[in-house]
Amino acid sequence: MKPDPPTDFYKPIFDNMFDGLAYCQMLFNRQSNPVDWIYLKVNKNFEKLTGLKEAEGKKVTELIPGIHESNPELFEIYGRVSKTGKPEKFETYVAPLSRWFLISVYCPKKNYFVAIFQDTTASKQILKDLEDAKTAARNVLEDLQVEKETLAYANSKDEALLASIADGVIATDRDGRITLMNRAAQKMLGRRFAEVQRKSAFDTIPLLDGEGNPIPHEKRPLHIALAGTTTTTDPTTEFTYYYMCGGGTKFPIAIKASPVFLDKEIIGAIVVFSDISREIEVDRAKSEFVSLASHQLRTPLGITKWYLEVLQKDNYINSAPKTVQDYFNQLAKSNERVLSLVGELLSVSRIDQGHVKDSPKQANIGDAVHDVVAEMQPLAQNKKVELRLEMKQAKLPNMFIDPLRFHEVIENLVTNAIEYTPSPGKVDVVTDKNDGAALISVKDTGVGISEADQKKLFTKFFRSQKAIESNPEGSGLGLYVVKSYVEGWGGKISVESIEGKGSTFLINLPINRTKNGGDNL
Amino acid sequence: MKKILVVEDELAYLKLLHDQLTAKGYEVLEAKNGKAGLEMAKNEKPDLILLDIRMPIMDGMTMLGLLRQDENGKNTKVIMLTNLEPDDKIVGKVVKDQPMYYFVKSNTKLEDLTEKIHDVLSE
């Protein structure tokens, strides 16, 4: 039998180990429940690992107040080991010390125990961080899934929305290749989206003019939108576009195209169109009705005109009392007003039906402007408005143009200028020329036109509030007729105006018209 | 005395033209449609015809076409007197059948018309 090693054999071993070591006596209450323990011996590292100083001889409840509440399992396990003598090993967190410990405990004799422990806080923290990271990753994944579902829903909702729009919708990428075509578009064009997907809209869906000729690419609203010079193309007013339907017949459309921007870059365009066959038919019927009604109206008005003329000429009126003469003049004036209104209605309905016959011949437009200004002088003087003509070029060239209509256009602008200029005011008619174009401007110091009204100024029957106030008799047709004629000659008309200061109308006419005579406007 | 045939279905026009032209010393014949006008033109050989376009039974353009096929009628002076603005169809016929003037009644003063009649008949 080997002799027990001396006591001081163990001491350096215990004091030099990394683990903490405590030799304790367990205390029980009367019901044999563990309630406390006394530290009998601790090694050097005990203090380092627990932070408890001079522990020997003290109860744990003195050293760590609250230990019973924070770690009841310690009492349970240590009690059990002290009683049964069976060693145990476990890991636990001691909140009052804010540390994790891995503890081995065994019983050297009944009611005593030895605890050997390591501080596992650092490794535990790593594990905990890992766990946290896992949880976070899981949460992100869950969020992503939710986001994905939301997006998918929103996407299908957008698609359903687009698909259900009653107008035709075609979307393209920045090269004009079709990326979307809604139900209405597929139905109107008689094309399935699958057939045209990723194909050029320019090639697969030709846009036609009234004669069935394809519109050149660079003039198509889609091209204009992709070029990015506009936010939305204006619907054309001068002529109608046509698309071809599945059966090969063409139908008239109203069409608008807008560029699609992402981060200020154009990534494509969206074209919206609708079939306007019905609107055009209604418009045609209306024009025909106006034309017919106007001709019928002209007969009684014309009869009245001549009878009034004869009455005046034959001295019946001149010898009548002043009141009768006044009344008579009112009758004649009224009759002329209705006649000119009917005339304008007829012009409009002919323009709308495309029946305007231009009878161009070589004419000097400078002389024509001069004549109009001379004819208008009495009207200007009557209104005490100064009417002046300035010809910046010695002579405007001859042009191939319908002289009567040109006269009508200039007369209309000058009459308007005088009409809407309060006395004392000025109307300046200026003719000029730049390369290839004759410029005629009519500038007044009149009531002016608001910016909103300027946009509608050249449409049929439009009259601004100001115009109605200062001249209740106008029909709102004059400028529409003017614009139709000027554009029919390949020219342009524009307006600049400041409310209360005056307006300037500018006509720009190409001098060498490529078309030959007799063209329909 | 110069003879003027007025072909016009509106009685008010007819009466006024009759009175005014008679007062200026012309002999005025009247017809109320193209068919009657053509008959009268052939029988009476007027110096000038004032011709409306829109009329019942036979319109003015048809009457003018038939008149130009007649040996006597092909050189008769004609002034179209109508309320129709000339459209493509009318312009085509006017070019072919050569009336001397084309007046839209409601755009024309009666005085200007009678002056023109005087000029045409003085040629």
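Helices are DSSP runs of H or I with at least four residues, numbered from the N terminus. The views below come from a predicted model.

**Figure 1. Helix 5 of chain A and the glycine that follows it.** Just after helix 5 of chain A, Gly85(A) takes a positive phi of about 85°. Helix 5 of chain A itself has 13 residues. From its first C-alpha to its last, helix 5 of chain A reaches 18 Å, close to the 18 Å expected at 1.5 Å a residue. The buried residues in helix 5 of chain A include Leu74(A), Phe75(A), Ile77(A) and Tyr78(A). Gly79(A), Val81(A) and Ser82(A) are also buried in this helix. An α-helix has 3.6 residues a turn, so residues three or four places apart point the same way.

**Figure 2. An aromatic pair between strand 2 and helix 5 of chain A.** Over all chains, the structure holds 17 aromatic pairs. One of them joins Trp37(A) and Phe75(A) in a tilted arrangement, 5.0 Å centre to centre and with 50° between the planes. Trp37(A) lies in strand 2 (residues 34-42) of chain A and Phe75(A) in helix 5 (residues 72-84) of chain A, so the pair ties together parts that are 38 residues apart in sequence. Trp37(A) has a relative accessible area of 2% and is therefore buried, the cut-off being under 20%. Phe75(A) also counts as buried, at 2% relative accessibility. Ring pairs link Trp37(A) and Phe75(A) into a cluster with Tyr39(A), Phe46(A), Tyr78(A), Phe90(A), Phe101(A), Phe113(A) and Phe117(A).

**Figure 3. The aromatic pair of Tyr93(A) and Trp100(A).** A pair of aromatic rings is described by the distance of the centres and the angle of the planes. For Tyr93(A) and Trp100(A), the centres are 5.4 Å apart and the planes stand at 50°, which makes a tilted pair. Tyr93(A) is partly exposed, with a relative accessible area of 36%. Trp100(A) is likewise partly exposed, with a relative accessible area of 25%.

**Figure 4. Charged ends over aromatic rings in chains A and B.** In chain A, the charged end of Lys109(A) sits over the ring of Tyr112(A), 4.7 Å from the ring centre. In chain B, the charged end of Lys105(B) sits over the ring of Tyr13(B), 4.1 Å from the ring centre.

**Figure 5. The largest cavity.** A search of the whole structure finds two cavities of 30 Å³ or more. The largest cavity holds about 190 Å³ of space. Its lining consists of 19 residues, of which Tyr39(A), Thr50(A), Tyr78(A), Ile103(A) and Phe117(A) lie nearest the centre. Among the elements of chain A that each supply at least two lining residues are strand 1 (20-28), helix 2 (44-50) and helix 5. Strand 5 of chain A gives the largest share, three residues. The lining divides into 18 nonpolar residues, one polar and no charged.

**Figure 6. The second largest cavity.** About 80 Å³ of space lies in the second largest cavity. Its lining residues include Ile170(A), Thr172(A), Arg220(A), Pro221(A) and Tyr243(A). Strand 6 (168-173), helix 10 (221-227) and strand 10 (250-262) of chain A give two or more residues each to this lining. By type, the lining residues are ten nonpolar, one polar and one charged.

**Figure 7. Helix 17 of chain A.** Helix 17 (residues 478-488) of chain A is mostly covered, with ten of its eleven residues buried. Among the buried residues are Gly478(A), Tyr480(A), Lys483(A), Tyr485(A) and Gly488(A). Just after helix 17 of chain A, Gly490(A) takes a positive phi of about 80°.

Notes. Residues numbered from 1 in each chain as written. Chains lettered and ligands numbered in written order. Predicted model: local features only at pLDDT ≥ 70, side-chain atom pairs only at ≥ 80, totals over all residues. Heavy atoms only, no water. Buried < 20%, exposed > 50% of the residue type's maximum accessible area, 1.4 Å probe, protein only. Phe/Tyr/Trp six-rings, centres within 6.5 Å; stacked < 30°, edge-to-face > 60°. Lys NZ or Arg CZ within 6 Å of the ring centre and 35° of its normal. Expected span 1.5 Å × (residues − 1). 1 Å grid on protein atoms, 1.4 Å probe; cavity = no way out; pocket = protein on both sides within 12 Å on 5 of 7 lines; lining within 4 Å. Points joined across faces, edges and corners; volume = space filled by probe spheres on them. Nonpolar A, V, L, I, M, F, W, Y, C, P; charged D, E, K, R; others polar.
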